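Thanks for asking me to look this over. Here are a few friendly notes to read beside the model.

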Amino acid sequence: MNLGTTCVHRHQIIHEFMHAVGFYHMHSVPDRDNYITIYPQNIIPSELFNFDIIPANSETSFGYPYDLCSIMHYDPYAFSANGLMTIQPHTTPNCNMGWVEDLSPIDVGKLRAMYCPIGKK
């Protein structure tokens, strides 16, 4: 994996490695509209694909709840075309959504479920 030639921050590295091991953006899961509102009118048109919902059979939740504090969640102004919010959570997250520095406890649980399921070594 090549992270480019510009300065890359810790959370970006972890985020990209999560993609490499098979995880999608949190805000792309099929039930995301129960937890966040997406404002497509505020998104740069060429970046709208970043907000697509993934098919249910591709989802990697492993039974864990939606996680506003996931390293895989975009921030509220991601790809804003006009400086207005592109993602609005329905509840106030207990983190700086989209700017967390580490895996959330739910991220860790999902990694363990994917790669270290109980009963397998």
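1. I54 sits in the loop that runs between strand 1 (36-38) and strand 2 (87-89). Strands here are DSSP runs (E, at least two residues), and helices are DSSP runs too (H or I, at least four), numbered from the N terminus. This is a predicted model: local features need pLDDT of at least 70, side-chain atom pairs count only at pLDDT 80 or more, and totals for chains, interfaces and linings use all residues. Residues are numbered from 1 along each chain as its sequence is written, and side-chain values use heavy atoms, with hydrogens and water left out.

2. I54 counts as buried because its relative accessibility is 13% (buried is under 20% relative accessible area, exposed over 50%, partly exposed in between; 1.4 Å probe, protein chains only).

3. Leaving aside residues up to four places away in sequence, I54 touches Y24, S28, V29, P30 and E59 (contact means heavy atoms within 4.5 Å). I54 and H25 are 29 residues apart in sequence, and their C-alpha atoms are 9.1 Å apart in space.

4. I13 belongs to helix 1 (residues 10-20). With 30% relative accessibility, I13 counts as partly exposed.

5. One cavity of 30 Å³ or more is found in the structure (on a 1 Å grid over the protein atoms alone, a set of points where a 1.4 Å probe fits but cannot get out; lining residues have an atom within 4 Å of a point; points are joined across faces, edges and corners, and the volume is the space filled by probe spheres set on them). Of the 14 residues lining the largest cavity, F23, Y24, M26, T60 and K110 are the closest to its centre.

Terms used: 1 Å grid on protein atoms, 1.4 Å probe; cavity = no way out; pocket = protein on both sides within 12 Å on 5 of 7 lines; lining within 4 Å.
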